[in-house]
Amino acid sequence: MAHWTVDKQVATPAGPERVGGAGWTAAWLTGAVTLSAEGALALVVYFLAGLRHEHYFATGFSAYVGYLIAAVLAVVMLGLAGSIGSAAAVLPVVQLSRWSARRTGRAETIRWYLAACGAFATVVAVCTGVPTALLGGSWTVLPLVLVAAFLGLVPAVLCTRAVTVLRGTGARFGLAGVVSVCGLTLSAVVLVGGLTAYGTGLIQEYEPPRLTAAQLVGTWTDDQGGTLTLRADGSAVANDLDVNTAEAADGGHTPEQCSGSGSWAREASPSGTPQLDLSVSGCLEGIGWQFGGTEEQPTLYYWIGDPDSLDRYTLHRR
């Protein structure tokens, strides 16, 4: 009687599916989306931090159209930068981590990917910081670039790594969508939270200094050779101020400087904020100069033409 023997098959755990074609396209897209989301969050944080410093916003229909165009351009630029960064940095780091892990016989753990990010960030920092320092810049550029490159790479690389171990094209592209939604949501939450903090006074927004008459006394300069001297007795002396030059540039007239003597006083503007009322013949008589800068480094300025242009003529304390 014949007997048939069958060898028992030992089940082996399924390993990660080798990524290729659409898989790497999904990986590239995920890296691009992640970098773009990081850039959007960085812009939001930069905007909120800027509210603590001297800033001015134009108003009116044309200004709002300009803001809308700037927002659209920012989205396009973030997408383009993310796409380039994913191809030039994220995918190479993922490949470097895989290649180095296999060459050394180690598992492709998250720590291994973090080490690859650190190595890539170090190369970027050295290639950027050393030439900058040799050309007269500060050596602090090197650690700043190192930290920025590392923190920017890690989320994108880890998200891309997750794509490479997922099974199914739909799941891989779905992860890119999840990262996009989460990034936009986080940016929106940070923006709303920051504006709420400023609105409630939890974080102090920039306010121009309320200079007293005693603080106004002294010499102010436009850094182009023009000076304005305000004396304690209320008299003022202007030497080669470029106020007419600024006005001429705005109106298309022949520029000229102005010099002369007159008077000054600290008065309230129509909105109730303090301002400098300067009366010097030929130097914008009756124009209210507003206060800017900080208590330690104050400025005097007035708007050239429409304030929506954000074009100012500014004097600094000498």
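1. Cys159 is partly exposed, at a relative accessible area of 22%, where partly exposed covers the range between buried (under 20% relative accessible area) and exposed (over 50%), computed with a 1.4 Å probe on protein chains only. The model is a predicted one, in which local features need pLDDT of at least 70 and side-chain atom pairs count only at pLDDT 80 or more, while totals for chains, interfaces and linings use all residues. Residues are numbered from 1 along each chain as its sequence is written, and side-chain values use heavy atoms, with hydrogens and water left out.

2. A search for disulfides (pairs of cysteine sulfur atoms within 2.5 Å) across the whole structure returns zero. Cys159 accordingly takes part in none, and the nearest cysteine sulfur, which belongs to Cys182, is 8.9 Å away. Cys117, for its part, is buried, with 1% relative accessibility.

3. Ser86 lies in helix α2, residues 61-104, helices being DSSP runs of H or I of at least four residues, and strands runs of E of at least two, numbered from the N terminus. Ser86 is buried at a relative accessible area of 0%, and, leaving aside neighbours within four places in sequence, Ser86 is in contact (heavy atoms within 4.5 Å) with residues including Ala27, Trp28, Leu91 and Pro92.

4. Strand β8 (residues 312-317) pairs in the antiparallel sense with strand β1 (residues 218-221) over two bridges, pairing requiring at least two DSSP bridges between the strands. With strand β7 (residues 298-303), β8 pairs in the antiparallel sense over five bridges. His316 in β8 is the bridge partner of Thr221, and Thr299 also stands opposite His316.
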